[in-house]
Amino acid sequence: MTKSAGARRHLPSSPFNVPAPAAPPIEIFAVGDRVSHDQFGLGRVVGVEGDAAVLIDFSGRQGRILSPYSKLTKL
């Protein structure tokens, strides 16, 4: 095996020293908000369970979407 010649150098101009982008803020939904889901389509919020989940009525079919709401957008 080969020995390491020394400690690694960290260059300040390295493209790998970029800080991670900040997470987008979690949307806050209220009862009555119109929403669109990537899989289920258009719906209306019928219940909110704190920051954990929202209950949505998609044309007669209800769904519970858990946080983070990555596929859910407010209209």
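Predicted model: local features only at pLDDT ≥ 70, side-chain atom pairs only at ≥ 80, totals over all residues.
**Entry 1: the E3/E4 hairpin**

I began with the hairpin that E3 and E4 form with two residues between them, where Ser-59 in the turn has a positive phi of about 50 degrees. Residues are numbered from 1 along each chain as its sequence is written, and side-chain values use heavy atoms, with hydrogens and water left out.

I placed Gly-60 in the loop between E3 and E4. Gly-60 is exposed, at a relative accessible area of 70%; buried stands for under 20%, exposed for over 50% and partly exposed for the range in between, with a 1.4 Å probe and protein chains only. From Gly-60 to Gly-43 I find 9.2 Å, C-alpha to C-alpha, across 17 residues of sequence.

**Entry 2: the sheet**

I then counted six bridges between E3 and E4, which run antiparallel; two strands pair if DSSP finds at least two bridges between them. Val-54 has Ile-65 in E4 as its bridge partner, and Leu-55 stands opposite Arg-64 in E4.

**Entry 3: the core**

I looked up the largest nonpolar core and found nine residues: Phe-29, Val-35, Val-45, Val-54, Ile-56, Phe-58, Ile-65, Tyr-69 and Leu-72. E3 supplies the largest share of this core, three residues. Such a core is a set of buried Ala, Val, Leu, Ile, Met, Phe, Trp, Tyr and Cys residues joined through side-chain atoms within 4.5 Å.

For Ile-65 I listed the contacts (heavy atoms within 4.5 Å). Leaving out residues up to four places away in sequence, Ile-65 touches His-37, Phe-40, Ala-52, Ala-53, Val-54, Ile-56 and Leu-72.

**Entry 4: aromatic pairs**

I recorded two aromatic pairs. The ring centres of Phe-29 and Tyr-69 are 5.2 Å apart with the planes at 85 degrees, so this pair is edge-to-face. Rings of Phe, Tyr and Trp (its six-membered ring) pair if their centres lie within 6.5 Å, and planes under 30 degrees apart count as stacked, over 60 as edge-to-face and the rest as tilted. Phe-29 lies in the segment before E1 and Tyr-69 in the loop between E4 and E5, so the pair ties together parts 40 residues apart in sequence. Both Phe-29 and Tyr-69 are buried.

The rings of Phe-40 and Phe-58, with centres 5.3 Å apart and planes at 40 degrees, are therefore tilted. Phe-40 sits in the loop between E1 and E2 and Phe-58 in E3, 18 residues apart. Phe-40 is partly exposed at 34%, whereas Phe-58 is buried at 6%.

**Entry 5: salt bridges**

I found two salt bridges, each a side-chain nitrogen of Lys or Arg within 4 Å of a carboxyl oxygen of Asp or Glu. Asp-33 meets Lys-74 at 3.7 Å, N to O. Asp-33 lies in the segment before E1 and Lys-74 in E5, so parts 41 residues apart in sequence are tied together. Arg-64 pairs with Glu-49, the closest N and O atoms being 2.9 Å apart.

Notes: Helix = DSSP H or I, 4+ residues; strand = E, 2+ residues; numbered from the N terminus.
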